[in-house]
Structure formats: structure tokens, C-alpha cells
Amino acid sequence: MILADTHTHLYLEAFDKDRDEVMQRAMDAGVTRLFLPNVDSTSVGSMLALCERYPKNCYPMVGLHPTSVKENYKDELAKVESCLIEGKYYGIGECGLDYYWDKTYIIEQEFVFRHHVDLARAYNLPLIVHIRESFNEVIRLLKDINKPDLRGIFHCFSGSTEQARQAIDLGFSLGLGGVITFKNNRMQETLKHIDMKHLVLETDAPFLAPVPYRGKRNEPAYVPLIAQKVAEIKQVSIEEVASATTANVSRLFGFTI
Ligand code: NI
């Protein structure tokens with residue numbers, strides 16, 4: 001059984017003391033493919049160091065996280081572009097819109113997101129989209145951009161069935177994380193109506209740990225808890241969830257993981 005964590009920030013400081021142990025626990029749990037979304041220019045170095053240490057298991061992606069969009073966003077975008085020219089990356093992100101933490105730079109966030117869409121198309125890479133409190137705006141933007149060749153993941157998706165269909169119609173997969181294990185989470189109902197071919201699994205470690213670790217530090221080894229919840233809701237085995245979502249990841253990223 002191969003499981004992929006399509007969204008983990010394992011290079012962040014939260015793991016500085018025990019990163020190798022965390023990696024080992026992921027491997028032991030069958031979570032052997034880790035996709036790392038970048039935050040901003042300050043996190044690229046630690047992300048690449050982790051990928052160099054685990055070249056068969058860790059895949060870097062590059063982008064400017066919406067909460068890192070500040071007055072220096074043009075310099076940050078230039079750095080994203082030079083990364084893409086100089087190195088090998090597997091996705092564009094984390095990018096998108098965040099209306100939860102701070103709305104000071106929403107105009108700039110939109111500009112940056114559009115730029116990431118252009119990069120995803122130019123490099124033929126999936127887009128890792130952050131939609132915190134901004135789902136409708138992201139959909140509006142993607143419809144406005146109207147590029148049917150786009151693909152990617154709506155990270156940390158927990159919307160309605162209608163919202164899931166909107167994302168899928170735009171060519172995107174749904175990233176399911178720990179929140180699906182939370183009591184009465186809306187996604188549990190939504191999932192009943194969505195085919196598994198649209199799903200990928202993720203942790204967003206160190207954030208959003210699944211039950212029974214809710215509130216604690218999250219880590220990739222917890223992906224099976226998310227897979228188990230999906231299996232329960234879809235009434236299939238965890239092996240079926242693993243093979244379906246792993247196939248989806250291969251298709252999305254364009255190589256067999
Ligand atoms: Ni993230």
C-alpha cells in the first residue's frame with residue numbers, strides 16, 4: 001500500500017528537532033510520497049534540503065503562499081520564477097487567496113494568484129490552491145481566467161457537494177485532510193456524492209491534525225487516519241482508498257509515484 005501526502009510542510013521549524021523520526025514514522029505507515037508546498041523565499045532552502053536528504057520520497061513545489069503576500073510580492077514572485085528556471089519542481093504552490101488571516105493585501109493576492117496560474121500553464125504543472133474563506137473568489141477568478149488545460153488541487157477542501165462539483169468542473173482534484181475526521185464536518189456528507197477519482201489525501205502538517213490528535217502537531221504518518229475515514233464513508237477498504245488516491249496523484253503530477 002502506497003499512500004501519498006500531497007501537502008506537507010515538513011521543512012518548517014516545527015520539525016527541526018525530530019524530522020528524521022517523523023520521516024521514519026511516515027515510511028512505517030506506508031506514507032512514502034510527500035509533496036511539499038512552499039511558503040515563500042525564506043522556506044525554499046529548508047524545503048530543498050529535505051528533498052535532497054530524501055530524494056526518493058520528497059517532492060518540492062514552489063510558490064508564494066497568500067498569507068506571505070506583502071509589499072515585497074514582486075521580489076518574491078521573481079524568486080519563484082528563478083527557482084523554476086534553476087531547479088526541478090513538481091507543482092506550483094502553495095498559492096491562492098486567504099481572506100481569513102488578513103485582508104490588507106487582497107488585491108495583491110489576486111495578482112499573485114493569477115501569476116501562479118500563468119506559471120502552472122507555462123511549466124505544465126499542477127496548481128496547489130489555498131481557499132481559506134475565499135472559495136467563491138477563487139472559483140470566480142479561475143472562471144474568469146478560463147483555461148481548460150489547468151489542473152491541480154483545492155487544498156484542504158471541506159465544502160458542499162455543489163462547491164466540490166464547481167472545483168471538479170474546473171479540472172481540479174479535492175485535497176482531503178484531517179478536518180474530515182472532525183465531528184460533523186460537512187465534507188463527510190459531501191464525500192458520499194463525489195467519486196474517488198477526484199480525491200487526493202494530505203495532512204497540511206504541522207497543522208490540522210486528524211482525530212485523535214486534533215490540536216496537536218500533525219505529521220505525514222497520520223495520512224492513514226484520513227484514508228480510513230474516507231474508506232468508512234465510501235464503504236470500501238483502506239487499500240482501495242490508497243490505490244485510488246495514489247493513482248490520482250500519479251495522474252495529476254504526471255508521473256508514476
Ligand atoms: Ni499548506
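Because the model is predicted, local features need pLDDT of at least 70 and side-chain atom pairs count only at pLDDT 80 or more, while totals for chains, interfaces and linings use all residues. Residues are numbered from 1 along each chain as its sequence is written, and side-chain values use heavy atoms, with hydrogens and water left out.

**Overall form**

- The protein chain holds nine helices and eight strands (DSSP runs numbered from the N terminus: H or I of at least four residues for helices, E of at least two for strands).
- Along the principal axes, the C-alpha atoms fill a box of roughly 45 × 40 × 35 Å.
- Of contacts with a separation of 6 or more, 73% link residues 24 or more positions apart (contact means heavy atoms within 4.5 Å).

**Surface and charge**

- Of the 257 residues, 58% count as buried (under 20% relative accessible area; exposed is over 50%, partly exposed in between, with a 1.4 Å probe and protein chains only).

**Strands 4 and 5**

- Strand 4 (residues 92-96) is largely enclosed by the rest of the structure, because five of its five residues are buried.
- Strand 4 pairs with strand 5 (residues 127-130) in the parallel sense over three bridges (pairing requires at least two DSSP bridges).
- Ile 92 has Leu 127 in strand 5 as its bridge partner.

**Ile 168**

- Ile 168 lies in helix 6 (residues 161-169) and counts as buried at 18% relative accessibility.
- Leaving aside residues up to four places away in sequence, Ile 168 touches Leu 174, Ile 194 and His 198.

**Backbone exceptions**

- Most residues other than glycine have a negative phi, and most peptide bonds are trans.
- The peptide bond from Gly 93 to Glu 94 is cis, with omega near 10°, and Glu 94 belongs to strand 4.
- Val 211 and Pro 212 are also joined by a cis peptide bond, with omega about 10°; Pro 212 is in the loop between strand 8 (199-201) and helix 8 (223-234).
- Glu 133 has a positive phi of about 60° and is exposed at 56% relative accessible area.
- Asp 204 has a positive phi of about 65°, but is buried at 9% relative accessibility.
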